[in-house]
Every structure is written in C-alpha cells, then in structure tokens.
Amino acid sequence: MNFMPATYLCIHAHFYQPPRENPWLEAVEGQDSAYPYHDWNERITAECYAPNSASRVLDPDGRIVEIVNNYSQISFNFGPTLLSWMEQGAPRVYAAIQEADRVSAARFSGHGSAIAQVYNHMILPLANRRDKVTQALWGIADFERRFGRPPEGMWLAETAADIETLEVLAELGIRFTILAPNQAARVRPLAGEEDWQDVSGARIDPTQPYVQRLPSGREISLFFYDGPISRAVAFEGLLSNGERFADRLMSGFSEQRDRPQLMHIATDGETYGHHHHYGDMALAYALHHIQENQLATVTNYGEFLEKFPAQWEVEIEENTSWSCAHGVERWRSDCGCNGGHAGWNQQWRAPLRSAFDWLRDEIASRFESAASALLGNAWQARDRYIEVVLERTPENITAFLRSQSGRELEPGERVRALKLLEMQRHAMLMYTSCGWFFDELSGIETTQVIAYAARAIQLAGDLFKADLEQPFLRHLQAANCNVAAHGNGREVYLRFIKPMALKLADVGAHFAISSLFQRHAGTAPTYCYSVARLDYNLTQAGRARLALGQALVSSRVTEESDCVMFAVLHFGDNNLTAGVAKACDAARYQQLVTESTASFDRFDLPGTVRLLDRYFAAMNYSLRSLFRDEQRRIVNIIIERVLGEAEASFLNIYNQHATMMRFLADLNLPMPKALEVSAELVLNGRLRREFESGEPDLANVATLLAEAHSEHVALDAAGLGYTLRKALDRNFDRLLEAPTDLGLLIRLTGIIEAVRKLPFEVNLWKVQNAYYELLRNVYPALAAKPAAPAGGEGAWGDESAEWMAQFEHLGRLLGFALPEAVQRAPEPAAEVVSR
C-alpha cells in the first residue's frame, strides 16, 4: 500500500487481572497452579507485562537490534487493582508503564496513551447508578494518583455499556471510551438533516470517531474498534509473525475513503505474551515495520480526537458488551456463552447475582444511616474513600475522616467509620466480572468474589449485630455446581470460604505459632495487621517447646485492635497446639506463665496440656491455622531435617548404583522406580544448589548434566530454569552497579556460555535488559575514551581492549546483533558510569 498521509494507526491493549487478594489479608497468597511462580499475577507479569515494557525487535537472523517499550507506542489501560499489586510486586515494570505514558504524551501532542478503567471491572449496565458513579470515580482517582494527570478516556469492563453508564462518564469529564462494533445501532452525520443509517450487526465503519448525545445534553466520543482484525490477533494466530501482523493492520485502510482514517484494534493486553508467547515481539516488530516504512502514522485516541473531532453521531445498542453475543447476559444468566465444557451449564449465574444484589441492598440502608451519623454524606464519603485505599497511612486516614466528619473522631468512631467503608468496598469487589465469566461456580474466580461477599457479611455482623450469613446462604443454595462433589453455592461457601474468615485472635494465633520458627521484633507487620509483642516467654525441654505471651493485634485497615494472650505447645515435628484468648489481665497472664512453666519444666506434658485447657476455651490452633505462605515456609523448616535424612539415603542409593543405572540406560531397559527417583532427586538437587549459588562450578554443572543425559534422568526444567534465572538477575544487577569490573564481566560471560548449552530454556529477559542498559549508557562512553599507555592515570590501558572484546562477546551470546544494536540504541543518559 502506498503511504497515505491521512492514515493513522492505534493499537489498544486492555491489561487486567481479577483481584486475587485474600479479603482478610489484603495480599495474594501462593497459587500452586502458577508454578514456578508464586502466583498468577507474578507469572503473567513475567510472560506479558514485563516483556511489553522491554520488547525485542529482531533482525532476519533472529538477533536483537533494539529493545523498545511497547506501552509508549500503543493505547492501553491497566486495571487499578492490578496496578496496586504491581506497585509492590513488580516495581520496575510499574515504573516502566508510568514512564511510557510520559513518553507517549511527548510523542502524541501532549496526549498520554494510558486511559483509566472502572475500578474493579464491574459490569456497569447491571449496577445501580450509585455503584456506577463510585466505580468511575475510583478509577479516575486511581489513574490520577499513578499517572499524575486526569484521564481522557476510560475503559468499561468487557466494554459493557448502557446510556446511564455513558452519562456517568461524561458527567465526570471522560471524553471517550472504546466499544465493540456490534455495540453500535445507528449513525448519521452531525451536519445536515440526513436520516439515521442502521449499522447493527457490527456494520459500523470503525475508522472514525463518533459522538453519542446523551439525555442530559452532554455527549461522549466513542471509538468502535475493527472487529475482524482484533479477533485475528486474539484468536487466529496473527501474532505468529510480526510482518504478517503489520500487513493485516494495513488492510484496514481503504483508498476509497476521502477523509483521515484511524485503523484501530482492541484486545486483552495479555494477548501480547501470555496467551501468545512472544506476542509482545510481534507487536514491537509490526509497529517498527509500519513506522520505518512510513505505512501509517502511529497515534493514540486522544491525539486523533484532537486533530479530527467526530463528524458523525451514533446511538448505541444498550446492555451490550464485547464478550457476550447476548448483550450482558453472561454475567446474570445461562446464555450459552461459556468455556465449552460438555454437559455443563451456567444456571448458577442468576442465583449468584441475586444473592449479591440482595446483600448489597440489605447493607445499603444500614450503611447510609450509620455512616451519615459519623461522616455526614455517607455516599460522598464512599466515593472519596479511594483516597484512603490508595494511601493507608494513619495521617492520611485522619485527614480523610476529618474532612468527611468535620471533627476529630474518637478511636471507637474511627473504627466504626472505617468498617462501614470497608463493608462497602467489599460489596463492590464482589461484583468483579470474572465471578460470572467462567464455567463453574466452585472455580477460583467465583470463589474469590464470594469471599468478598463473606467479608462484607462479617463486617455487617460486627457493625449491626445482624446475621446476614444465613439468608445469604439460602440464596446461594439455589446455585448448583457442575462439579457434583461441590454441591451448591451454600456448600462451596461453607467448604472453601468460611475457613478463610479471620478475626484478630486468629492473627494473634498466627503470630504465636510463627514465633517458634522466626524471631519477631517488638512489632511485627503481618499482612495488613501489626502485632506488638507485649511479653514473651519461650521454654524448651528436649524437642518440646512452650511459648507464652501477650500481644496487641491491630488491623491497619480498620484500626480495630485487641490485646491477646497466647500459649503454643510444640511437641516436635508437626505436632503443635495453640490457644489464644482476648485478655489483657496482667495478673491472670502471670499466673498462666508461672503455672505452665513449672509444669513444663517438670517434663509433665500431659499436665501442661490440662493446665492450658483451663486458661483457654479451646487449644484449637495448629499448623493448619497459619496463613498459607507462612505455613509453607514453616512446614519447610520442620521437614528440613527429614528431607536431609531422605536425601542422604537417596544419595547413598545413587552412589552405590550409578553404574547399574547407566548400564540399564545403555540397554534401553526401564529403570526401577526406586533408582529413577533417587537419580532425579540427587541430580536435580545438586544442580539447583549450584544455580542458587549465583556462581556455579561450570565443570561440575557439565558433569551433572552429562550424568542426567546418560541415565535418562528427567530434569525439573521449570524449577531449575527459574532458579538460575533469579541468580543471573542478581549477578547482572551487580554488573549494572560496577559495569567496568572486568573480572565480573568475564565470570558472567562464562556462565552465559554454559547457559546456552543447557538442555532447558532459561529466561534471559532481565539479563538482556541489563546488557542493553549498559550498551546505551556505558559502552558508548567507554568506547569513546582515547587510547592511552597501560597504567596511565585515568586511562583504561590494555584492559580497555579486553573489556570491549568481552562485552561484545557477551552481547552476541545474549543474542544481540552488534554493531547494529549499538547504532539503534537511544542516546546515552546524561550521566554515564565511568571507571
């Protein structure tokens, strides 16, 4: 296609993950299905969000010629709850996303490429107006805090829209949103008196913006993305080739149009890397190819709208979305949209939504009455509560409560006000769209939203002494699972959700049990709680230990606190029992310490147990009571000795029978299971320890790999690759800090040479990024230094030639095309590292 000056290209990516935080801990716990990563947020960050912040552009030989931040060249939105996790869990990627918005604003006439999103991905056409407003306000406030500017556009969850939703966006100053082509009903030119043209059935021309006039007299601009090309990107393998992707994008233009054209697509951002591996590179190459060959001008929605305001009016099809052929039924009925499990149905969707709507309405009037007494305008306080969610410091909480109530609240009033607002927050989180999207009621996405409902119910019980749980369970009982063993929604709640619920005493029990395995400071942060140790006594007799103490347990979210006393009796290994009581009676606590210690010192363990039963209503806490991540850490400590003994036994078996294993392998005979297991455990364990060290003995690694190959031993490729990657990342961070350390450079080059020969893949993404940073900021300055006699003051001497040679060799090992990558690298930073 010949270059047409009026052709513009915009690629929009919707990056989103459902909130995964435990509602009682405000943290994402470990998810085994994400192995070798801690959880799915971390895994998808490694597969998608991080690669798009530093994507590779390759030459025809597959070598890296440039590393680019894709976010700075596309339009994008990130779910606020995902960015909240990323700020702590992946700070470098988070910073790259923020930087991309700043860079894109400079590139696109002052219009940053980031747009906002409704806060927790609620399907707004199914929400009441009050929730619509809060969702939009929270999304805007979150965006402004992260990107330092007001948003021009806002992404609607699943692009689900109705007129009331668009009214809310327009009222709050949002200029545009992006919809699917099937969401347009009819169009007509803004100028003149032409009749409406029916464009239903996705027949709208997507290459221009439109204006939706609203009943209030306001209006909002709408962009309808190109449906066929977006589907090809998401579902038809278009990202397997960057040039083919670029060609397909260019096919969206037509020389028959006599006006500026905007070719734009919209997909889930996870398409570029998570759903399609290396999709980020296809995106980077397509943009590179289009711009280098001047096929179109890359832009974003804000810039295009400023240059070419809408000339056509549109009326939308209400209650429609991009991912349900039946409008918004996927989030309230068994419409037929599902993941394709044969014989399953989604009849559970309707009673689940009915249960949530009932709960929302039950707590609304109670909230309004109670919050108005403390905070004046209850719903205005909820709208502004995002200020606290974004910064939970005591000072900020005080300022917020003062601004709402007009006075200093008493401590008890503060707790009540915060509990009221947290109840409302969870009543919105429970409507996160993913709860209805998938096939099964007992799936992790749906149990997550039920957990948010359970937290709202617990807070309502604390606040109003009302039992909302039983009527809620009656609603859930009508929701039947496809997995017969899980029964219905009531059983799912009681089996999976109820055990998650925490009170302050449970946090105290976690602190008490973990204190046997980890020394705590005076105050220990425990997820969204803090535990201040008031007194602590630890006594040991053989393998048995007794811990007694007092602590003040406080929630940093609601500021609620309780003083507890505790006892933990550990008999050794996993045999442990603990009790917690709400009590700050110094005399009773001292009596507990005196009597229990005396009994324990006499090695009278049965007597100690009977004595503790008198002080605690139930000694019913155990290792099962620990929070999941801490539970795993402590169980690993406990079984370390057992594993050591087991490894020693397997090592003995392996050493004695290694020759026999090789003989069997040579004859292609099956390996006896006992020998196979011993070889796998020993060789994988040795390799893992070498990799964890950060400076592996390369000769030993080669020997171990040769043994594994000759004995047909299965290597834990995912685990070993992950371990080695982490160690390499640490080492290259050291190189960034000391780039001219020739000895370190030589060692790392040797390790990378060995990595290239491994029988499994190691993700070198961060390593390559570090190299590229040195290539941009250090290499040019060092290469430009004048030659000088060896040993000359301030000069490299003979070492410079060796450093340059090693650095270039390392680059080639890491897959860089040199010197092309040097020529394409951006200008060095103002300050470069010098020797």
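1. Is the crossing of α6 and α7 left-handed or right-handed? It's left-handed, where left-handed says that the near helix is turned anticlockwise from the far one by less than a right angle, and right-handed that it is turned clockwise.

2. Some ground rules before going on. This is a predicted model, in which local features need pLDDT of at least 70 and side-chain atom pairs count only at pLDDT 80 or more, while totals for chains, interfaces and linings use all residues. Residues are numbered from 1 along each chain as its sequence is written, and side-chain values use heavy atoms, with hydrogens and water left out.

3. Back to that pair. Helix α6 (residues 227-235) and helix α7 (residues 242-250) pack at about 165 degrees, with axes 10 Å apart; helices here are DSSP runs of H or I with at least four residues, strands are E runs of at least two, and both are numbered from the N terminus. Axes are lines fitted to C-alpha atoms, for helices over the stretch in contact, and angles run from 0 to 180 degrees between N-to-C directions. The two are therefore roughly antiparallel (over 145 degrees; under 35 is roughly parallel, 65 to 115 roughly perpendicular, and the rest oblique).

4. Who touches whom? P228, I229, A232 and V233 in α6 meet F245, R248 and L249 in α7, contact being heavy atoms within 4.5 Å. That contact has six nonpolar residues, no polar ones and one charged (Ala, Val, Leu, Ile, Met, Phe, Trp, Tyr, Cys and Pro are nonpolar, Asp, Glu, Lys and Arg charged, and the others, Gly among them, polar).

5. Now look at α4 (residues 129-147) and α5 (residues 163-171), which pack at about 40 degrees with axes 10 Å apart. That makes α4 oblique to α5, and the crossing is right-handed. R129, K132, V133 and A136 in α4 meet E164, T165, V168, L169 and E171 in α5. By class, this contact has four nonpolar, one polar and four charged residues.

6. Of its 13 lining residues, F78, I115, A116, F143 and F147 lie nearest the centre. The largest share of the lining, five residues, comes from α4.

Key
On a 1 Å grid over the protein atoms alone, a cavity is a set of points where a 1.4 Å probe fits but cannot get out, and a pocket is an open set with protein on both sides within 12 Å along at least five of seven lines; lining residues have an atom within 4 Å of a point.
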